[in-house]
Amino acid sequence: MALVRVAVPIPLAREEALVYEIPEEDTPEVGLRVLVPVGPRRVWGTVLGLESKRPDFRVLKISGIPEPRLVVTPELLELCRWVADYYAASLSDVLQAAVPSPGGLTRRAPRSAPEEETAWLAVAPPVREALNEEQRAALTVLEGAVRSREFGAFLLFGVTGSGKTAVYLHAAAEALRGSGQTLILVPEIALSPQTLDSFRRAGFGRVALYHSTLRPRERADVWRAAAAGELDLIVGTRSAVFLPFRNLRLIVVDEEQDSAYKQDDAPRYHARDVALVRAQRLGGVAVLASATPSLETFARVKQGRCGLLRLPRRIDGRPLPTVRITDLRHRASGPEASRFLGAPLVEALARTLERREQAILFLNRRGHSTYLQCRGCGEVARCDRCDVSYTVHLADQTLLCHYCGAVRKLAPTCAACKASNLWFGGVGIQRIEREVTRLFPLARIARLDFDATRKRGAAASILGDFRMGKTDFLLGTQMVAKGFDFPMVTLVGIIVADLQLYLPDFRAAERTFQLLTQVAGRAGRGDRAGEVILQTYDPDHPALRCAAAQDFEMFYEQEAAERRELRYPPFGHLLEIEVRGVKRERVIREAGALCDSLRSIARGADVELLGPAPKPIARIKGTERWHILIRSGSRSAMQSFLKRALPALHGKRTSGIHVAIDVDPRHVL
Ligand SMILES: [Zn+2]
Ligand SMILES: [Zn+2]
């Protein structure tokens, strides 16, 4: 019997791994996934190495090894160690997020590749001559970088509809000519089949999808096939950044600005940043693609740490849509007027219907109205467990909390004073749906949002109908903004553009700019020109002006100036320490005590502590949330502070109190 150290996904006090016995005949290689007993349970763990010293307690035997085996490659194990170190997470948590848990221990014949396999054939991407001048120029640079076998990072900065996919498709073909593999990261599962199809059509045969809704066994199959070099290209969401490869040459991060790349719970890694680190370690090429790059990425470009490849025009000479701003403060009133749709938008919708074209209406808010208020006593219906008001879902006659999912029946009278004078405040997408149905009774209308797509396959069917022209107007939340390509959409209406602008988060303007540019980009992708109508109560806001002008660089300059002054990312580094618990007083006391010890650790270091303060939404699901923000102009100062603070952060707590560490937080809400 040999002894091995195994990383297991349970909270361990300081120890990185537990020791187990493994039968000698089971060559215990480093990185091997094994099933091990922990208390009454059996969990999947990863062998980190041999243990020479027999401990003075009884050592348990491992329960089993999956067949075929699943092995974390040395390169990947090192990457996981880097992630654990940088994000102050435990290695076992990182491995748990990174490596699939095999479905079981049954022996069966390994399937070579999860997708269909073709006798191998040369890949024939669409002819190079079909690319426009800028696409060809970008491709030449990327091909050179892929061939060089040295690290290169590039921002592929192309307006919506500029043909970014065609460029990295050719770059992947170049990687393949040198027997290299390509990984394409996409922010959402819904976008992955569309992306994979374009590679299939170009002749890529050994391809696979990898995302969280695959069954454990399917994930394990893709994992093994990638490690064995049996796949040339994988399209996947966030955790695909941890797939093993034989010869990974190219990593593309599509829509690199998307916050879905950052994981919300431990390990709180950012897949784009991990992709950059991985490419650097491998001597590979990282391509970050976007029409609205994150400030982080564009700052890299400005600092000369990332190459810039521009695609300033749409393919086939199609124009960018024209954008008109409607000021919602001065709109006509009267019986015919709509409360939420200004005259320009109503007229444009009528025109679209007449010409048998299609429109997308966008409002980033679910439900019918955002709050229910009693006009008798002023009471607003609020969730008992969260610090927010209930959203009214009139179609189901319910009040719904969007944070914890609590549901209440919508009563005809006020719960407090029994008055029947109830007021629906604020506007949600379902209210717009009613309004548009009233104004255009003959139009075929569909809604795409979280509520309409809860049933499996519902999203695909709504999108499929719209693509086939069975729907005239598609209404939706941010789900309609993402990457879809509908050639018959000539009008995009943004119902209220400034909804997210005043959230207490320093990225609010950036997110608004990105979302508006993305949704505007859905218009005019076919042969007919597109029009965007942007309704707002704040037409002079710089972020809206820049979005209307579709001018990212103007937006960057303005936003960068503010962030630089406040030392916010990307001109400073943030670390958020969140203290949570059910008992409010305990949370406040612990946050205060923790902050005091952090302050003494920070003394003399180039870091600044803000707080402790309640988070802007101070209670979610019955949990009180306070936070401490730490800001520094220097990454190394921040990292060394964090190292020194770890004992305090991981120290003993009052029962029921949890402390979470978020390095480079995406949201401070
Ligand atoms: Zn009342
Ligand atoms: Zn709630």
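Here is a short tour of a zinc site and a cavity in this predicted model.

Residues are numbered from 1 along each chain as its sequence is written, and chains are lettered from A and ligands numbered from 1 in the order in which they are written. Because the model is predicted, local features need pLDDT of at least 70 and side-chain atom pairs pLDDT 80 or more, while totals for chains, interfaces and linings use all residues; side-chain values use heavy atoms, without hydrogens or water.

**Stop one: the zinc ion**

Select ligand 1, the zinc ion, then show Cys-374, Cys-377, Cys-414 and Cys-417: their SG atoms coordinate the zinc at 2.3 to 2.4 Å. (Donors are N, O and S atoms within 2.8 Å of the metal, or 3.2 Å for Na, K and Ca.) The angles among the four donor atoms run from 102 to 113°, making the site tetrahedral, a label that needs all angles between 85 and 135 degrees. Along the sequence, the donor spacing reads C-x2-C-x36-C-x2-C.

Now pick out Cys-377 and Cys-417, which sit 40 residues apart. Cys-377 is in the loop between strand 15 (371-374) and strand 16 (391-393), and Cys-417 in the loop between strand 18 (407-409) and strand 19 (422-425). (Strands are DSSP E runs of at least two residues, helices H or I runs of at least four.)

**Stop two: the largest cavity**

Next, show Phe-362, Asn-364, Val-496 and Arg-511, which are among the residues lining the largest cavity. Then select helix 12 (residues 508-520), which gives the largest share of that lining, four residues.

Methods:
On a 1 Å grid over the protein atoms alone, a cavity is a set of points where a 1.4 Å probe fits but cannot get out, and a pocket is an open set with protein on both sides within 12 Å along at least five of seven lines; lining residues have an atom within 4 Å of a point. Four donors count as tetrahedral if all angles lie between 85 and 135 degrees; four count as square planar and six as octahedral if opposite donors are over 155 degrees apart and all others between 65 and 115; anything else is irregular.
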